[in-house]
Amino acid sequence: IDQLAAQHPDKPAAIIAETGEQVTYAELAERSKRLAQLFRANGIGVGGHVAVLLDNHLRYFEIVWAALRAGIYFTPINWHLGADEAGYIVRDCGAQALVTSARFAELMGEMKASVEPLPLRLSIDGAIDGFEPYEEVVAAQSPEPVADETEGAWMFYSSGTTGRPKGIKQPLPGARLGETDGMLIPLMRHFYGFSDASRYLCPAPLYHAAPMGWSNATQRLGGTAIVMERFDPLEALRFIEQYRITEAQFVPTHFVRMLKLSEADRGRHDLTSLRAAIHAAAPCPVEVKQQMIEWWGPKIHEYYAGSEGVGMCAIGPEEWLEHPGSVGRAVSGIVHIVDEEGVELPTGEVGQIWFETQTRFEYHNDAAKTSEAWNDRGWGTIGDVGYLDDEGYLFL
């Protein structure tokens, strides 16, 4: 981030689509260094933990970069959660700091027992009882990098559909910021053509893994992330034209809502700048994807992965038309389909999806769930079910 700030200090690193508010690379680098200093001043060292409860706010990015450059685990919290669920995540992840905004003052009051013990509590855009003013205390810090700068890591929480949300904890990279690209950036470059010229539209909440992860990766590549405060189908089309979006990421529900627009609205905006529309997060109905390809042309790409990072499949538009309904072939890890006894199944038979992988993770504070996610061969699973065809294409 510091190298990018030196190369093109005034280039926008992120823009809020609706308002045009932006943060440049120079501003992002400086603010993240000041916040990293504040973390250290409050005893939050390498391996420490910060939680963030914000809507799609421009400050989100400097908080992420501060954690990543200070060797800290970073947990985004879904702001739609109630006080009990959000408070549970704050406690369970072992947060030493919480950053939120005055918009959530009432929720913070309801979470008082969970947030009061934290050494550092910061409020953006106004006051919250018991919280320090973010802008004031960050501005008072040194703009120099912390002496022990090292790369931090995300710790996302699962959706909690089968009980309490589970923290997905991976080892810290153990390198200085920018010394390793990880898995995502080479994939974004190779499959979707991301570069420093990318203008990436993020229409989804930043507390989810893909919206934040891909926005951050766009910035690592020197591009610009354009973030919608909330999704609206016609506004999304308008922003593609207005900001000359080159890549965007959606979920199937976004496609469904855009397809429900009238023919007049569908043709209202120039979408020719868009080179790749990527979707994931849920199975996409075959007819929905067919209609999107008919509308936007062969630009619709799909991948299948999880926050756990055990593996990834991907499929391009032409491939998908030959294998409709597939989520692609493995581009990270090796896919195996097994039965309930752990016996590998032949092509075409439905079973649990496992990835043979070098990536390791654990479910924080849940040894039993972690054990269930790994088998004696070192393969990992996130519990989904599917089958492989005779060319190695996965179907969920």
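Strand β5 (residues 97-101) is mostly covered, with 5 of its 5 residues buried (under 20% relative accessible area with a 1.4 Å probe and protein chains only; exposed is over 50%, and partly exposed lies in between). Helices (H or I, at least four residues) and strands (E, at least two) are DSSP runs numbered from the N terminus. The model is predicted, so that local features need pLDDT of at least 70 and side-chain atom pairs count only at pLDDT 80 or more, whereas totals for chains, interfaces and linings use all residues. Residues are numbered from 1 along each chain as its sequence is written, and side-chain values use heavy atoms, with hydrogens and water left out.

In a regular strand the side chains alternate between the two faces of the sheet. In β5, Ala97, Val99 and Ser101 point one way and Leu98 and Thr100 the other, and all are buried. Strand pairing requires at least two DSSP bridges. Strand β3 (residues 49-53) runs parallel to β5 and is joined to it by 4 bridges, with leucine 53 opposite threonine 100. Strand β6 (residues 120-124) is likewise parallel to β5, through 5 bridges; here leucine 98 stands opposite arginine 121.

A salt bridge is a side-chain nitrogen of Lys or Arg within 4 Å of a carboxyl oxygen of Asp or Glu, and the count by this rule is 18. Arginine 69 and aspartate 2 form one of them, at 2.5 Å from N to O. Because arginine 69 lies in helix α3 and aspartate 2 in helix α1, the pair ties together parts that are 67 residues apart in sequence. Arginine 69 is buried at 0% relative accessibility, whereas aspartate 2 is partly exposed at 29%. A further salt bridge links arginine 103 and aspartate 55, whose closest N and O atoms are 2.6 Å apart. The former lies in the loop between β5 and α5 (105-110) and the latter in the loop between β3 and α3, so parts 48 residues apart in sequence are tied together. Aspartate 55 is buried, with a relative accessible area of 17%.

The second largest pocket has a volume of about 320 Å³. Among its 16 lining residues, Ile1, Gln3, Leu4, Leu177 and Gly178 are the closest to its centre. Two or more lining residues come from each of α1 (2-7) and α3 (59-69), and α1 gives the largest share, 4 residues.

Terms used: 1 Å grid on protein atoms, 1.4 Å probe; cavity = no way out; pocket = protein on both sides within 12 Å on 5 of 7 lines; lining within 4 Å. Points joined across faces, edges and corners; volume = space filled by probe spheres on them.
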